[in-house]
Amino acid sequence: MIYDASVYQAHTVFNDQFYFLKSQMMWLLIGAFVAIPFYLVNYKTILKFAVPAMGLIIVSLFLVLFLGEDINGAKRWFQIGPLPAIQPAEFAKIVLIIYLSSWLAKQEHKYKNLKDFFKNFLNFGAILGTIAVLILLEPDLGTTMIICLTSFAMFFISGKDRIHTLGSLSILLLGIPLVALAGILEPYRFERIKTYFELLLTGEVADPKGTGYQIQQILIGIGSGGLLGKGFGQSRQRFGYLVENTAFTDSIFAVILEEFGLIGGVVMISFWLIFLWKGFSIAEKMDDRAGRSLVIGITIWLVLQTFLNMAANVGIIPLTGIPLPFLTYGGSNTFVTLIGVALLLNVSKYTNGTRKKNI
């Protein structure tokens with residue numbers, strides 16, 4: 001699909017229709033090599049490096065604001081010579097999940113009252129807030145949303161008593177206005193939200209030649225795909241109608257729907273529902289709290305990111321720059337996705353009935 005969606009851009013810009021395919025294959029090979037230790041080494045050993053890894057990520061997120069490559073007004077990438085650009089915010093996703101898995105496993109989550117709960121939540125919020133603010137400054141609202149929602153879900157699931165539940169829900173309600181505020185502070189985000197609500201309320205895209213152009217082209221492609229799609233390689237939207245490189249990055253799901261139709265979209269969603277079920281099945285069989293939290297975090301992160309990307313591509317939520325795991329072109333996203341899956345497989349080796357003595 002990356003080859004199919006990128007062939008026009010690759011030929012036009014680089015005179016090589018396989019340019020992005022070859023680049024992605026290189027990242028897949030490197031990513032697989034990097035992911036191998038995360039599968040082979042006992043996950044408990046990996047959790048021991050959570051604190052130094054978190055420190056490294058915080059430093060990287062801070063430095064990218066000053067030394068990162070400026071692309072369309074955003075500083076999200078480090079470019080070192082001929083090496084592929086690195087996006088620290090992507091690596092922050094998996095590192096924060098590893099860190100929180102270790103931290104949450106050490107907490108008792110037993111509170112006498114809400115005051116005790118909020119004292120514990122402040123420790124959780126301090127590390128999450130640091131990461132979230134640094135990524136938001138890049139600016140990257142999409143990644144900030146993924147990190148915050150995944151972390152909160154891990155925190156919510158980690159406790160079982162009523163005070164933990166009530167406290168978590170109250171924090172969630174308090175956080176909604178902050179998310180809305182972050183969404184409207186930047187002018188381009190505000191315009192996207194206005195375009196979204198116009199579509200939601202009227203069924204028509206506002207300013208189709210301006211701020212509504214991208215969603216207009218996406219919906220044209222999806223609509224023309226119909227039930228069965230036009231067939232592989234028959235997308236028209238990939239021929240420069242989708243802005244910049246989004247046909248094979250953030251909007252590749254729209255190309256998939258255009259070529260494989262509603263049926264193809266349902267098949268993709270079904271696979272991800274199976275992924276969700278398998279992830280929580282692994283977590284349910286874990287005796288170790290850290291391992292269970294790690295699996296829950298990775299599963300929620302990948303599934304949440306997937307469905308937010310899909311939702312944005314069909315007009316359910318405003319457009320955001322969220323990659324689609326396994327399908328979006330890009331090195332950093334490919335690396336962290338493979339590392340996440342390697343860790344899932346790693347923990348699954350230590351579920352009930354399998355290597356239980358090692359727990």
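How many salt bridges does the structure hold? It holds four, a salt bridge being a side-chain nitrogen of Lys or Arg within 4 Å of a carboxyl oxygen of Asp or Glu. Before the details: this is a predicted model, where local features need pLDDT of at least 70, side-chain atom pairs count only at pLDDT 80 or more, and totals for chains, interfaces and linings use all residues. Residues are numbered from 1 along each chain as its sequence is written, and side-chain values use heavy atoms, with hydrogens and water left out.

One of the bridges joins D4 and R238, with the closest N and O atoms 2.7 Å apart. D4 is in helix α1 and R238 in the loop between α10 (213–225) and α11 (252–284), so the pair ties together parts that are 234 residues apart in sequence. Helices here are DSSP runs of H or I, at least four residues, numbered from the N terminus. Is D4 buried or exposed? Its relative accessibility is 2%, so D4 counts as buried; buried means under 20% relative accessible area, exposed over 50%, and partly exposed in between, with a 1.4 Å probe and protein chains only. R238 is buried as well.

Next, E258 and K230 form a salt bridge, the closest N and O atoms being 3.1 Å apart. E258 lies in helix α11 and K230 in the loop between α10 and α11, 28 residues apart. E258 is buried, at 0% relative accessible area, whereas K230 is partly exposed, at 30%.

There is also a salt bridge between the side chains of D16 and K22, at 2.8 Å from N to O. D16 is partly exposed, with 21% relative accessible area.

Technical notes
Helices (H or I, at least four residues) and strands (E, at least two) are DSSP runs, numbered from the N terminus.
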